[in-house]
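I opened the notebook with two topics to look up.

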Amino acid sequence: MSIRENIQQVRKNIAAAALSAGRRPEDITLVGASKMNDAAACREAIAAGIDALGENRVQEMTQKLAENAYDGAPLHFIGHLQRNKVKQVVGKVALIESVGSYELLEDIDRQAEKLGIVQPILLEVNIGGEEAKSGFAVSEVRAAAERAKGLSHVVLRGLMTIPPVAEGEHGSVPYFEKVHALYVDINASLYDNKLDILSMGMSGDYEDAVRCGATMVRVGTAIFGARHYTL
Ligand SMILES: *Cc1c(COP(=O)(O)O)cnc(C)c1O
C-alpha cells in the first residue's frame, strides 16, 4: 500500500467513525505523524492531501525543514519539547500541540514576543497520570488554560492527549471521554467556546477518538508504514 492509498483508507475510516457519531467527516483534521520518515515521504503525504504533518524531534524537524519537506502543508510540533529547544520551534510551526508545563508555556510566550508573533498552542493532558509522560495533570489543566489566556503571545486552540497504552480493543475510550469532557468544560467556562481543537487518537485508536469528539487525529504508522529507525 502506498502512502496515498493509506491516507485514503484512513480518511474513509475517519468518515465512517464521524458519521456513526453524528459528526461531519470534514470537521476532523488528519495530521500525519512523520517522525522517522524522510522528506520524500512527507512530500508524498502532502501531495496526497494530508491536512498537516506533525514532528516529534526538533533535530529531525530542523533537518527536514532545510530540505523543504513540509512545503504545502502546515507543520505541527507534537513531541516532548525541551525548554532549551523552544527557539528552534516557535514561529517555525503552525501549532505546538505538546505544551505540558507552565515553564514551557511561559518560554514559548517569551520567544513569540521576541519574534513579534502569536504562537498557536495546545495544552497536553497527561490523562493516565503516568510518571514517564509529560503533560499537565488533569487537576492542573484548567489553571493552565487560564494562565494561557493571560499571555499575549500564545493563543490556546485546545487540548491534546496521548492515553496510556491501551489494554484491549477500545481501551483508550475512557481516557478520550475524560479529555473530551475537560475540553468541553474549559471551552464553555473560560473560552466562550472559541477553542476548536481536540487532538487525540493515533493509528490504533483514531476511530474511537473521533467517536469521542476528537477534531484532530495524529496518525503515523497507518499512513507511513513501520518507522525507519535509522533516520
Ligand atoms: C508517533 C506519534 C503519533 C502517531 O503514532 P502511530 O501509532 O504511529 O500512529 C501520534 N502522536 C504523537 C505525539 C506521536 O509521537
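How many nonpolar, polar and charged residues does the shell around the ligand have? I sorted the shell by class and got 5 nonpolar, 4 polar and 3 charged residues. I note that this is a predicted model.

Next I listed the residues around the ligand. Ala33, Lys35, Asn56, Ile78 and Ile162 are among them. The list also includes Met202, Ser203, Arg218, Val219, Gly220, Thr221 and Arg227.

The side chain of Lys35 has an N or O atom 2.7 Å from a ligand oxygen. For Asn56, a side-chain N or O atom is 2.6 Å from an oxygen of the ligand. Gly220 uses its backbone instead: an N or O atom there lies 2.7 Å from a ligand oxygen. I also checked cover. On its own the ligand has 390 Å² of accessible area, and the protein covers 89% of that.

Where does the ligand sit? I found that the space it takes is the largest pocket.

Last, the cysteines. I counted 0 disulfides in the structure. Are Cys42 and Cys212 buried or exposed? Cys42 has a relative accessible area of 0%, so I logged Cys42 as buried. Cys212 is at 11%, and because the cut-off for buried is under 20%, Cys212 counts as buried too.

Conventions. Residues are numbered from 1 along each chain as its sequence is written. This is a predicted model: local features need pLDDT of at least 70, side-chain atom pairs count only at pLDDT 80 or more; totals for chains, interfaces and linings use all residues. Side-chain values use heavy atoms; hydrogens and water are left out. A residue is near a molecule or strand if one of its heavy atoms lies within 4 Å of it. A polar contact is a pair of N or O atoms within 3.5 Å; within protein, one must be able to donate a hydrogen and the other to accept it, and residues adjacent in sequence count only if both atoms are side-chain atoms. Accessible areas come from the Shrake-Rupley method with a 1.4 Å probe; for residues, only the protein chains shown count as cover. On a 1 Å grid over the protein atoms alone, a cavity is a set of points where a 1.4 Å probe fits but cannot get out, and a pocket is an open set with protein on both sides within 12 Å along at least five of seven lines; lining residues have an atom within 4 Å of a point. A molecule sits in a cavity or pocket if more than half of its atoms lie within 2 Å of its grid points. Ala, Val, Leu, Ile, Met, Phe, Trp, Tyr, Cys and Pro count as nonpolar, Asp, Glu, Lys and Arg as charged, and the others, Gly among them, as polar. A disulfide is a pair of cysteine sulfur atoms within 2.5 Å. Buried means under 20% relative accessible area, exposed over 50%, partly exposed in between (1.4 Å probe, protein chains only).
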